[in-house]
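Okay, thanks for making time, everyone. Let me put the structure up and talk you through a few spots in it.

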Amino acid sequence: MYWLMANLRQAGIIVRNEVFVLPSRIAVLVFVVALLALPIFTQDPYVLRIIILTSVFALLAASWDFLSGFTGQMNFGHALFFGVAAYTAAKLNLDLSIPPWGSIPLGAVGGVLAGLVVGIPCLRLRGAYLALTTLAFPIILMGVVFALPDFTGGELGISGLSRLSGSRVGDYYITGGCMLVFCFLMWKITDSKTGIILHAIREDEVACRSAGINTTRYKLMAFCISGFFAGISGGLYAHIMRLAGPSTLEVNTSFLVIIWSVFGGMVSIYGPVAGVFILFPMLEFLRFIPQARMLVFAFLVLLTLLYMPEGLIPWIRDKIEKVCPRCKARNLGTRSNCRVCNAVLD
Amino acid sequence: MRRLGLFLVILLAGLLVVGTSGPAQAVKPIKIGVAGPMSFTQGEGHWNGATLAAMEINEKGGVMVGGTKRPIELIKVDTNEFISIPDATNAMELAISRHNVDFLVGGFRSEAVLVMQDIAMDNKKIFIGCGAAHPKLCTRVTKDYDRYKYWFRLTPINSTFLGKVVFIQLGTVAAMMKKGLGVKDLSVAIIAEKAAWNEPIVAAAKKFLPKMGMKVAGVWRPSPVAKDVTAELGAIERSKANIIFTSFSASVGIPFAKQYGELKIAAPVVGINVEAQKDGFWKATGGKGNYAMTLNTYAKVKITDLTIPFYEKYLKTFGEAPNYTAGTYDAVYLLAKAAEKAGTINSDAVVKVLEKIKDVSTAGVVVFDKSHDVTWGPGYVTSLGTQWQDGKNMCVWPYKWKGVTYEGTVPIKFAPWVIKRYKK
């Protein structure tokens, strides 16, 4: 009992000193609590389905940000990882009767392999050339899907997969939990030594190489890690829809991921997550104006990019928080001195 | 006095509320969700067909269920399935959980319909498919009857039969060429837009044409949105093909038909050209689309007594001829009749009636087989072949096929330049 109380007190101190000092961290905490508590207030299947899909796509968008935002490997064909994992999970589930808890991680391994397949030939490419080459891969795979209908199910895809769990609430917690855990993992990687190297590769690859960093290995690693997390989302998607079809490989899927990420704010992991959590449910909300739905969506994205080129979340964060010029720690916008080093803030 | 006034106002307001809500509570409408990509012509067809049927039924007082006449209320379910499958599933969930629809009709893209079907089955809602042709949608019923029994396909006939009809029409043209024009060894040029759905059709054409006693002169695959196909037509002409077999669903069908007429390619055209099913085809081709033939569902012929009145009313109401997704018209009627016969809108009871129903619809006599697929063949739903003849989209098939000729059907016409090639 005493041990529990001591730990709780410790946790309380951490929350007070590390979370409650910044509005952005409070926002993240509120988001996590709200996400986990939602089924207590409503179990409306429509609402839960939207949040389930939002969580799946949030993980996908964050995995794109890991590769394209942090490492600068502009990937226009992210649907490849998503689709490969969805098909792999579907085949394993249906042909080998592997349940979702096995087929989803194995599907993600498929995503890793897809990352390698794309990563190796793209190592020497940069910018627009890399973007266009990556765009080609899901299109090629879609051709293969249609060319081998007996294996891939052709235009109909592979259907009849096992359910993720027995209930909608179960699906909700699995997808929501996966999204939170894996996004946190990605964020931790970007915050680590490896993350700093990935960041440096994006800024100046030649300088990195001259510093003795094996950039090829790190770039390939970024493709594989991104492929793994995108693969998890692909596997989850396949089991929620109970189908892995050609739509998972469509160009539209790849472009949506980019739109969500750019809207939310790249190079942050949480930006793309916020982007999906705003835009995906918003499209549903706009069903009352079916004809203008896509127009409003496009207009909002355009406006955001015009006035907030860094994305919505970094823009809001910069408005309410300041970065210390000396120690780079973040502070509440109203503070005049840094909370860490006491330096005067602008 | 002031208090008394307030009391009277509240009393009157209360009476007004009770007065207005009374009839609405007494007659609860039957809600039918019309699912389709509403921003596209296919979804418009779904909605228009269902609207017309609901209008007619409601004008007659509604559907007699359990001694009460209940009106039909349609719920527009915009699935956006061409662009996003998750959108389609969300729309279905919204219709079922929020709008509390009793039945569902529509659907178009097979991949999306599979997922939509699962959502409807989870909720035990009858879903009548009016758009997706893939056979697997119905084989699910035979494989897992208890779960999928709420699914029925009304239109189109499944893709296996669609393929069969196209080849029968091709065989009819071939027979006419042999008999009427004296051509002995026929070769066929296959021209199909480069799209995934065309792969099995092209493969089937290559496989079956030799079995039908015809050679394959070559296969051409233009882009679905090509604006110019003169290169392909020139190559077809040089291949000396006797028949051109088309498979187009996109806009390429217009330049093909137009340039075919301009270049006067001496080979009749048969197959699928979705653009040629539309009213605007003649104008779009500047009248050059004469003799273009296509598989079709509706034409102004007497398939049954209901076809022409439906065709004319649809044309008058919406300013265009119905496409096959407008089969939601028959679907709504079918549901209304089944609910009346069952005396309830309970899904299990209505399924039992639908399984035994033999209903005269606008596209033929509807009988569902064991897999809940609409039966194809003479005396049932046959599908049609139509040909543009001097500005009119005429029904040309079935014509004396297994004893079936619908009133108003005319023989297939060959272009003068085709006749000239063989009758020198």
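Let's start at B:Ala189. If you ignore its neighbours within four places in sequence, B:Ala189 is in contact with B:Ala217, B:Gly218, B:Trp220, B:Ile236, B:Ser239, B:Ala241, B:Ile244, B:Phe245 and B:Ala267. Keep in mind that this is a predicted model.

As a general point, nonpolar side chains tend to be buried together in soluble globular proteins.

Now zoom out to chain B. Its secondary structure comes to 15 helices and 16 strands, and its C-alpha atoms fill a box of roughly 105 × 45 × 40 Å along the principal axes. Of its 424 residues, 50% count as buried. If you take the contacts in chain B with a separation of 6 or more, 70% of them are between residues 24 or more positions apart.

Next, the chain contact. How many residues of chain B are in contact with chain A? It's 22, and they touch 22 residues of chain A. On the chain B side, the elements giving two or more residues are H3 and helix H4, residues 110–122, and H3(B) has the largest share, 8 residues.

So let's look at H3(B) itself. It runs over residues 85–98, and those 14 residues reach 20 Å from first C-alpha to last, close to the 20 Å expected at 1.5 Å a residue. Is it buried or exposed? Mostly covered: 12 of the 14 residues are buried, including B:Asp87, B:Asn90 and B:Glu93. After the helix comes B:Asn100, with a positive phi near 50°.

H2(B), residues 41–59, and H13(B), residues 328–342, have axes that come within 7 Å and cross at roughly 40°, so H2(B) is oblique to H13(B). The H13(B) side of that contact includes B:Val332, B:Tyr329 and B:Tyr333, and the H2(B) side includes B:His46, B:Gly49 and B:Ala53. The crossing is right-handed.

H13(B) also packs on H14(B), residues 347–356, at about 110°, with the axes 9 Å apart. That makes H13(B) roughly perpendicular to H14(B). Here the contact is B:Ala338, B:Ala339, B:Lys341 and B:Ala342 against B:Ala349, B:Val350, B:Val353 and B:Leu354.

Which peptide bonds are cis? One runs from B:Thr155 to B:Pro156, with omega near -5°, and B:Pro156 is in the loop between strand S7 and helix H7 of chain B. Another runs from B:Trp397 to B:Pro398, with omega near 5°, and B:Pro398 is in the loop between strand S16 and helix H15 of chain B.

A:Val267 has phi near 55°, in the loop between helices H12 and H13 of chain A, and it's buried, with 20 other C-beta atoms within 10 Å. B:Lys264 has phi near 50° and lies in the loop between helix H10 and strand S11 of chain B. B:Lys264 has 14 C-beta neighbours inside 10 Å, so it counts as partly exposed.

That's my tour, happy to take questions.

Notes. Residues are numbered from 1 along each chain as its sequence is written. Chains are lettered from A and ligands numbered from 1 in the order in which they are written. This is a predicted model: local features need pLDDT of at least 70, side-chain atom pairs count only at pLDDT 80 or more; totals for chains, interfaces and linings use all residues. Helices (H or I, at least four residues) and strands (E, at least two) are DSSP runs, numbered from the N terminus. The expected span of a helix is 1.5 Å times one less than its number of residues. Two residues are in contact if their C-beta atoms, placed from the backbone, lie within 7 Å. Axes are lines fitted to C-alpha atoms, for helices over the stretch in contact, and angles run from 0 to 180 degrees between N-to-C directions. Angles under 35 degrees count as roughly parallel, over 145 as roughly antiparallel, 65 to 115 as roughly perpendicular and the rest as oblique. A crossing is left-handed if the near helix is turned anticlockwise from the far one by less than a right angle, and right-handed if clockwise.
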